[in-house]
Structures are given as structure tokens and as C-alpha cells.
Amino acid sequence: MIRTMVRYGRPAPGGRRIRVMGGDLDPAGSAYYVDDRITWIALAVFAAITAIGVVPLTPSAPAAAVAAGVAVGAAALLFRRRRPQLLYAAVATAGLVVLADGRSTNVGLFAVYLIEAWCVLTGRRWEGLVYWAAATILFASEWLWGRPDPGWGAWLSGVTLTAAFCLLVRHERNLLVQLRRAQADLAEQARTQERNRIARELHDVIGHTLTVSLLHVQSARLAVEHDPADAARALAEAERLGRECLAEVRTTVGMLREDDIARGPAGGAPLPGVEGLPALVEQFRSAGADVTLTVEGDTGGLPATTGLAVYRIAQEALTNAVKHAPGSPTEVRLAVAPGEVTLTADSWAVPGSGTGLGVVSMRERAESVGGTCEAGPGGRGWLVRAALPLTALPGTGAAP
């Protein structure tokens, strides 16, 4: 049996403590919602019903007193969840049977319903069913072989309805627990996806800017003695890229916080899309990289999510090409066809193993909009190819 742990958290506003479920709930029956107060209330109700059953003083006053004491004592152990549960339930029921003395009119038999409900709700399911079967046999025996009294039929129906109702409550309780588990799993998945999303954004923005800035710094270092003006221009460009990186990081963080894919916080600058590809390529060219861009088809109707994915994949592909194959020409081609947009980045690089975070980031970006991205040996050396659909995905809010 899987055990249940209940812990109490910090006081909520107003001084009330919030109860938090921890651990796993036993689907077969754990009384995680039964606290000491409910236990004492149930015991008090049982004692009150038993006291009413003592009033007829049958079969005799001493026997009735002893039977009532035995019933209440066994019920106290039962309600305190002592084991074995069925043993204490049987002893308490025996005391009630002695009080009834074969008469179906004794009100003390209502305590049998309370025992049945307690066994179903706080014990294992089979324990509740076993007690129901035993109570049914008891009432049926009194009806068939005891005094001929149709009142026993009412007790039979009552204990059956009690068992059925409590089993239904138990079933609904387990469904609620399963729902809470599912909600907790979904929340954890959402947190994981958000962490991955933040990692992708920051990796793409910072990695690209640092790579291009490093190219400018290297160019300035080489030209500082022979061409100070060119060195100053390169350093100014590196400074500009650093400022742009800082602004884009702020926009990205704001977008993640507001969950708005197309705008930055407080209506800031929009995140880049396919319209930013020429400027992206120009940044690499200005840093000395040999990059060409070819665009086929109409890019004006691309969804914002798809446009951002295309831009980030191209940004990462060019960053990797400059980092791992400096000086090698790279050809970027964007083709927009009905229902699909394809981006390829073909670089004259020596094929290697693409297992870094950048390759994973490109693949995750493509998959986030329902597409695919492959990076590996191909084309003229190293080929990145992403195919993204132009149909809206459920929950993305994107539309072609």
C-alpha cells in the first residue's frame, strides 16, 4: 500500500493554515481528509446512537450495559484507525446485536451504518465490502431464522445503500486525487518548457551577439596599427551590437513574462522575424563573414511564431558557421511555398558532430511550431535544413 502524508504549510492570509498533500495517495483508500476532529465527532455520534439503543434494557440491564461498553470501546479503536479494522468492527457490531436482542425496532442498529461508512471510506475497499457482506448476512439471518419481522428488510436496504453511497464518494475522491496529480504534472511540464524556452532565447540572442562582436574585436585588433579608422569602426559596431543584445535580452525576458510572442513588455519593439533576415546577414557581412541570402516566395503572410523560429534558426546556423568554420562561405536560402516554409543554411565547412546546445535549440524551435530541423553533413559541407508548416497549431495562437 502506498502511504499518504499530509503536512501543513505556512499560515495563509488571515491566519488559516493551508493543507498540502504530499506523497502518494493510496487509491484503495487512505483517510487523508479524516482528522482528529472528525474522528471524535464520529465516535460521539456512535456513542449517542448506542446510548439510545440501551434504553429498552434488553435482554437485561447488566447485559445491555456491558454490550454498550464493548460496542463503544471497539468503535473507539476502530475510529482511531487501529488494526485490524475488521476485528474491531465485528466486536462493535456484536455489542449492537446484543442490544437489539433480535428486535428490528432498536434504533441502536443505526450505528451499523456508521461502521459500514467508516470501513469503506477509511479502510481498504475490500474491507468495506467484507463488512457489508457480513452485515447483510446478519440482517438476513435475523429475518429468516429469528423473529418474523419485515423490519429487517429495511436494515438490509439501508446498509446496502450506505455501502453504495460511500463507494461512490470514495470513487469521486480518487478521481479528485488523480486530477490533482495530473495538474501537478502539467505544472511541472510547463515549468520545464518555460526553462527550456528561456534557455533557447538567451542562448540565441547572447551567443549570436558575442560571436559577431568577437569578429569585430578581432578585426579591430588586426587593424589598430595600420588602419585606426577601420579599427574604430569595428569597435563601434561591436559596441552597437552589445547595446542591441542588451535591449533584445530585456525584450525577450519581458516576452517570456507576459507570454506574448509578438511584442515586448509595455508595447516595446517587436521580436525579430523573417523581415530581419537581411539585417542579420548584413551584421555577419560587416564582421567579415562571407554570407549570402536568397529569399523565394512571399514572406509577408508568415505567422509571428513561425517568423521568429525562422529568424532564430538562421541566427544560430550562421553563428555556428562563423564559430566553427571561420572564413568559409555560407549560403542561406528561404523558400515560402503553400503550406510550408523551408530554411537552409549551407556552409563550406568540414563535417563534424552537431550535438551541442545550438543544434538542440534549433530543433526545439522548429518542433515548437510543428516543424522539423536537421543539422549535419550535407550540401557543400555542413547543412542546416528546417521545414516549418504554415498552418496554425492548437494553443500557439498563430495563424497563416
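Contact, as I use the word here, means heavy atoms within 4.5 Å. With that in hand, take valine 98: leaving aside its neighbours within four places in sequence, valine 98 is in contact with Thr58, Pro59, Ala63 and Ala67. Please keep in mind throughout that this is a predicted model.

Staying with valine 98, the residue lies in helix α3. Its relative accessible area is 37%, so valine 98 is partly exposed. Serine 60 is 38 residues away from valine 98 in sequence, and the two C-alpha atoms are 10.0 Å apart.

Now the chain as a whole. The protein chain has 10 helices and 7 strands. Of its 400 residues, 42% are buried. If we look at contacts between residues at least 6 apart in sequence, 68% of them join residues at least 24 apart.

Helix α3 covers residues 85–100 and helix α5 covers residues 125–145; they pack at an angle of about 20°, and their axes are 11 Å apart. The cut-off for roughly parallel is an angle under 35 degrees, and α3 and α5 are therefore roughly parallel to each other. Their crossing is right-handed. On the α3 side the contact is made by Gln85, Leu86, Ala89, Thr93 and Val97, and on the α5 side by Trp126, Glu127, Val130, Tyr131, Leu138 and Glu142. Sorted by class, the contact of α3 with α5 has 7 nonpolar, 2 polar and 2 charged residues.

The second pair is α1 with α4. Helix α4 spans residues 110–122, and α1 packs on α4 at an angle of about 155° with the axes 9 Å apart. That angle makes α1 roughly antiparallel to α4. The crossing of α1 and α4 is left-handed. Which residues meet in α1 and α4? From α1 they are Thr39, Ala42, Val45, Phe46 and Ile49, and from α4 they are Phe110, Ala111, Leu114, Ile115 and Trp118. This contact of α1 with α4 divides into 9 nonpolar residues, 1 polar and no charged.

Phe46 brings us to the aromatic side chains. Counting rings whose centres lie within 6.5 Å, the total comes to 7 aromatic pairs. Phenylalanine 46 sits in helix α1 (residues 36–54) and phenylalanine 79 in helix α2 (residues 61–79), so to speak from distant parts of the chain, 33 residues apart. Both phenylalanine 46 and phenylalanine 79 are buried. Elsewhere, Phe110, Tyr113, Phe139, Trp152 and Trp155 form one aromatic cluster. Phe110 of that cluster also belongs to the α4 side of the contact with α1.

With a relative accessibility of 35%, arginine 81 counts as partly exposed. Proline 84 is found in the loop between α2 and α3 as well. The peptide bond from arginine 83 to proline 84 is cis, with omega near 0°.

Cysteine 166 lies in helix α6, residues 151–223. Is cysteine 166 buried or exposed? Its relative accessibility is 5%, so cysteine 166 counts as buried. Leaving aside neighbours within four places in sequence, cysteine 166 is in contact with Ala117, Val120 and Leu121. Leucine 121 is 45 residues from cysteine 166 along the chain, and their C-alpha atoms are separated by 6.4 Å.

The other residue is tryptophan 348, in the loop between β5 (340–347) and α10 (357–368). At 45% relative accessibility, tryptophan 348 counts as partly exposed. Again leaving aside neighbours within four places in sequence, tryptophan 348 is in contact with Ser328, Pro329 and Arg380. Glycine 381 is 33 residues from tryptophan 348 in sequence, with 4.9 Å between the C-alpha atoms.

That is the end of my list.

How values were computed
Residues numbered from 1 in each chain as written. Predicted model: local features only at pLDDT ≥ 70, side-chain atom pairs only at ≥ 80, totals over all residues. Heavy atoms only, no water. Axes fitted to C-alpha atoms, helices over the stretch in contact; angles between N-to-C directions. Helix = DSSP H or I, 4+ residues; strand = E, 2+ residues; numbered from the N terminus. Parallel < 35°, antiparallel > 145°, perpendicular 65-115°, else oblique. Left-handed = near helix turned anticlockwise from the far one by under 90°. Nonpolar A, V, L, I, M, F, W, Y, C, P; charged D, E, K, R; others polar. Phe/Tyr/Trp six-rings, centres within 6.5 Å; stacked < 30°, edge-to-face > 60°. Buried < 20%, exposed > 50% of the residue type's maximum accessible area, 1.4 Å probe, protein only.
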